[in-house]
Amino acid sequence: MIFGLRVKNIAFILLGSAIFSFGIVHFNMQNNLGEGGFTGITLLLYFLWNLDPAISNIVLNVPVFFIGWKFLGRTTFLYTIIGTLAVSLFLSIFQINPFSMHMQSDMTLVALFAGVFIGIGLGIIFRYGGTTGGVDIIARIVHKYVGWSMGRTMFMFDFVVIATSIFTFLDMVQGMYTLVAVYIGARVIDFIQEGAYAARGAVIISGKSDQIADHIIKEMDRGVTILNGKGSFTGEAREVLYCIVGRNEIVRLKNIINDIDPHAFVAVSSVHDVVGEGFTLDENKNPLNE
């Protein structure tokens with residue numbers, strides 16, 4: 001721990017900042033693509049007046065830092081400072097010795113990779129408690145108090161910035177490719193925020209619920225929660241089982257249920273993020289990945 005901050009979180013925020021900055025320099029700046037949010041404003045200043053995005057990124061974020069301190073608290077605020085400074089640092093580094101991609105002949109690939117790199121970078125930063133300032137802070141505040149996903153808030157803000165860019169340095173085609181990149185980035189951010197590991201949640205209604213629960217526990221080493229349910233048509237009380245298994249375990253779960261009760265009702269849904277024993281904690285409640 002450093003000043004109450006986790007070293008692991010700092011490391012991943014730095015990694016995310018590097019990925020994000022690499023995408024901005026090598027796909028957006030090299031191919032005259034815009035971007036949304038404060039990054040889009042820094043690119044607008046770069047293309048119009050050749051102002052260094054690494055510097056304008058810090059200058060634009062100073063007022064937002066005060067908002068971040070008030071709404072996000074000390075820890076997230078410190079992570080935000082780390083993320084913002086890291087982005088400016090990596091923007092400077094990648095501009096010194098950039099790779100020449102020569103992708104102007106295929107702007108579809110440029111838009112795709114720009115969105116993927118930016119989305120992965122920001123997604124990692126968000127997942128480990130940080131932001132890169134600007135609209136990231138606004139998106140986090142909206143997520144906290146309104147419940148909107150960060151990707152959705154950022155896309156709305158991005159649209160306004162991109163529309164402004166189209167009337168300044170982007171032509172219509174470049175603007176459309178920019179919108180594609182921003183949309184892909186927003187989807188990637190949500191994907192990483194929700195968790196790349198998608199588990200499955202199963203609701204099971206059966207007259208042999210005790211047997212099914214016992215076999216799931218013994219054969220799959222997964223926990224089962226028994227809920228008290230009541231049929232709205234028959235009025236009959238019935239136990240309802242709920243369990244979460246890995247994506248690769250769902251066929252095995254269905255086979256266990258079918259062997260015991262072929263007439264059981266089973267509803268399976270996607271679970272994007274799982275925290276707890278068997279997924280992030282072992283049987284002794286210790287983290288699995290630390």
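A residue counts as buried under 20% relative accessible area, as exposed over 50%, and as partly exposed in between. Keep that scale in mind as you explore this predicted model.

**Stop 1: the whole protein.** Colour the chain by secondary structure and you can look for 9 helices and 4 strands. Following the sequence, they come in the order α-α-α-α-α-α-α-β-α-β-β-α-β. Of the 290 residues, 46% are buried.

**Stop 2: the largest core.** Select I24, L122 and M154, the residues with the most contacts inside the largest nonpolar core, which has 34 residues. Next, show the helices that each supply at least two residues of this core: α1 (7-29), α3 (53-96), α4 (107-127), α5 (135-145), α6 (150-166) and α7 (172-194). The largest share, 9 residues, comes from α1.

Stay with I24 for a moment. What is I24 in contact with, leaving aside its neighbours within four places in sequence? Select M29, E35, T39, L43, L91 and I118 to see those partners.

**Stop 3: a second core.** Move on to A213, M220, L241 and I257, which are among the 16 residues of a second, separate core.

**Stop 4: a patch on the surface.** Finally, select I58, V62, F66 and L85, which form a nonpolar surface patch with about 370 Å² of accessible area together. You will find L85 in helix α3. Is L85 buried, exposed or partly exposed? Its relative accessibility is 45%, so L85 counts as partly exposed.

Note on methods
Residues are numbered from 1 along each chain as its sequence is written. This is a predicted model: local features need pLDDT of at least 70, side-chain atom pairs count only at pLDDT 80 or more; totals for chains, interfaces and linings use all residues. Side-chain values use heavy atoms; hydrogens and water are left out. A nonpolar core is a set of buried Ala, Val, Leu, Ile, Met, Phe, Trp, Tyr and Cys residues joined through side-chain atoms within 4.5 Å. Buried means under 20% relative accessible area, exposed over 50%, partly exposed in between (1.4 Å probe, protein chains only). Contact means heavy atoms within 4.5 Å. Patches are made of residues with over 30% relative accessible area and no salt bridge: like charges are joined within 9 Å, nonpolar side chains (Val, Leu, Ile, Met, Phe, Trp, Tyr) within 5 Å. Accessible areas come from the Shrake-Rupley method with a 1.4 Å probe; for residues, only the protein chains shown count as cover. A salt bridge is a side-chain nitrogen of Lys or Arg within 4 Å of a carboxyl oxygen of Asp or Glu.
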